[in-house]
Amino acid sequence: MSHGPSASGGATIKAGHHGGEPYTPVFVGEMKARLEDLLGRYPTRQAGLLPALWMVQEARGWVSEEGMAEVATVLGVTPAYVKGVVTFYTMYHQHPVGKYFIQVCTTSPCHVCGAEDVVKAFLEKTGCGELGVTSADGRYTVIEVECLGACGFATPVMVNADFLESVTPETVPEVLKRYA
Amino acid sequence: MGFPHTPHPRETQVLSTHFGDADARSVDGWKKRGGYQALANALGTDPVAIQNVVKESGLRGRGGAGFPTGLKWSFMKLGDGKPHYLCCNADESEPGTFKDREIMRWTPHALIEGCAIGAYAIGAEDCFIYIRGEFTEPLQVMERACADARAAGVIGKNAMGSGKTVNVWVHKGAGAYICGEETALMNSIEGKRGNPRIKPPFPAVAGLFGKPTTINNVETLTAVPHILNRGADWYKKMSRPDNPKSTGTKLWSVCGNIARPGNYEVEMGFPFGEFLQDVCGGAPKGRKIKAVIPGGSSVPVIPWEQAAAAVMDYEGMVAAGTMLGSAGCIVMDDAQSIPRQAARLARFYAHESCAQCTQCREGTAWTTKILERICAGDGTAEDLDTLLSIGDNMTGKTICVLSDSCATVVSSALQYFRPEFEALIKRTTIHAVPQVVAR
Ligand SMILES: Cc1cc2nc3c(=O)[nH]c(=O)nc-3n(C[C@H](O)[C@H](O)[C@H](O)COP(=O)(O)O)c2cc1C
Ligand code: SF4
Ligand code: FES
């Protein structure tokens, strides 16, 4: 839930609307079939909301107002309702993010193992400088994230869907080489 | 990555037996290791008989609250003509806890087997495993394993050729600690914001989609096939002779300032001091353990001396002034500042509050602000009392216990480490109330 003292820094990512391009629907053809198949396991269409939003984010990289509207139509709920759900969860991007979205855990167990220095190294080496700000070349966005459920492997870092363990300030340049 | 450690001789491996054994991840590999035998037997048994074995074993919920599992199952009214549901809680977001992730990555079929048995025992045809969105690898492994199990006829219509229907599905979360709370989890599956619900009605009466539902943790369900295979007596024996209330083995996630972090499986009743020193290797070289949070960030922090004398079971941890919780053990050495860590944890709760309850929304935010200003050297003498009184107002007054958890961090830190806070408070003046000055 994003309110109160923010763990991901105060800076916001610049909003955009598909770079001025018209929105092309996600749920056509195979994607539509995939969603309908998934809906078969639930007694309500609304239960497909989180999965549908994931599919939009997978296809478009983020969830725009147009994306929310499409999900609303497909599942038979209102766009305002969809927005209410999207804003509750931290993993749906409501703005475009860098090509590589980097999330560093800084909650206490990782904090006591030096996670702050890992964050610093990422901010420096990516050129982002600040949390939540996409680097000038559009490649990286770095945020702090709350406990990733891998505290024994401090510091865990997510780069897009890749889950990395035991990252240290020293291994940050090596990690970034893989995501150029 | 994250390859499990070589087991320590003092560990008792039950759930962790096949950690690191890649071959155990397939249906056939699992069957070769004796897997799915318990499910085949269970599907030919009366559900109530299964509930009774689990009751008899003494198994208690591993998600944090430690509620007796068999008893929970018996709240489900069999044959009421309504669809029933089982939810498997794989949200694992409690700081310090990372055991369910290991179970899912290495032994996905162990969990599916537990889910299928659990579902059958409560009269449910569908089980949803709710996995947090950040767990990309466990999600992939579990989805694949469910598809494989379905294709092999292990689950689905006519599961194991029994004529019974048992489905196991994976549902992916989207980033919210609160969705680990059982009613929030159900809302999340229903496609809603993950706000906890007011109880009653309890899930066994009106849960997922308004139908009778049971929610169990990953580790809880994974223990069930072992209990059915080896018997309640075998399970009960793994306990302190004088404490039959905590039975079986427990996976402990150990992290923070410890020489060998990882997941360790020991029997209930293991001495905590020896566990941390001998099994986990003690503090990192040259340091000393100062404080321990044994059961995930929501339980009281205790000083090392107190932890060293504790016994690792539900009652033992209570006797030591804390709780077993999710057994996510966070170790802090003498280089750590307790106020700073309390502030960081308060920030966690403020970030994760679902904001339905005023006491929680405001309380977590103010607790964080005050702790952060104390750490910044701007604290005042009355701040500590203010923190305790805020904590008082956050305890026992909200829809779920996230609010209480934040207060626990602060009250326990102040109880045992007050001098550290006081040392940070250099100013003694009362905060001036801002004056409206007439111009
Ligand atoms: C804020 C909050 C977060 C929770 N997170 C989890 C979690 O991540 N995993 C879990 O198994 N239980 C979690 N729980 C406990 C569940 O509500 C529930 O008690 C548990 O899943 C029941 O399973 P068990 O009886 O097998 O332990 C949480 C509770 C609260 C109040
Ligand atoms: S206590 Fe906090 S997290 Fe729980 S329901 Fe209330 S506001 Fe939400
Ligand atoms: S605190 Fe970093 S993964 Fe749990």
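1. In this predicted model, 24 residue pairs are in polar contact across the interface of chain A and chain B, both partners being at pLDDT 80 or more. On the chain A side, at least two residues each come from helix H2 (49-60), helix H4 (79-88), helix H5 (108-111) and strand S4 (162-164). H4(A) contributes the most to that side, with 5 residues.

2. The side of chain A that touches chain B is made up of 28 nonpolar, 13 polar and 4 charged residues. The contact as a whole involves 45 residues from chain A and 63 residues from chain B.

3. Interface size is often quoted as the accessible area lost when the parts come together. Here chain A and chain B bury about 4,500 Å² between them, and 59% of that is on carbon and sulfur atoms.

4. There are 4 salt bridges between chain A and chain B. One of them pairs A:Glu165 with B:Arg101, with 2.6 Å between the closest N and O atoms.

5. B:Glu134 deserves a separate entry. In chain B, the loop between strand S2 (126-131) and helix H7 (136-151) holds B:Glu134. B:Glu134 counts as buried because its relative accessibility is 5%, the cut-off being under 20%.

6. The side chain of B:Glu134 makes a polar contact of 3.0 Å with the side chain of B:Arg132. Leaving out residues up to four places away in sequence, B:Glu134 touches A:Met91, A:Leu148, A:Met158 and A:Phe163 in chain A, and B:Gly175 in chain B.

Note on methods
Residues are numbered from 1 along each chain as its sequence is written. Chains are lettered from A and ligands numbered from 1 in the order in which they are written. This is a predicted model: local features need pLDDT of at least 70, side-chain atom pairs count only at pLDDT 80 or more; totals for chains, interfaces and linings use all residues. Side-chain values use heavy atoms; hydrogens and water are left out. Contact means heavy atoms within 4.5 Å. Buried area is the accessible area (1.4 Å probe) that two parts lose on being put together, summed over both. A salt bridge is a side-chain nitrogen of Lys or Arg within 4 Å of a carboxyl oxygen of Asp or Glu. A polar contact is a pair of N or O atoms within 3.5 Å; within protein, one must be able to donate a hydrogen and the other to accept it, and residues adjacent in sequence count only if both atoms are side-chain atoms. Helices (H or I, at least four residues) and strands (E, at least two) are DSSP runs, numbered from the N terminus. Ala, Val, Leu, Ile, Met, Phe, Trp, Tyr, Cys and Pro count as nonpolar, Asp, Glu, Lys and Arg as charged, and the others, Gly among them, as polar. Buried means under 20% relative accessible area, exposed over 50%, partly exposed in between (1.4 Å probe, protein chains only).
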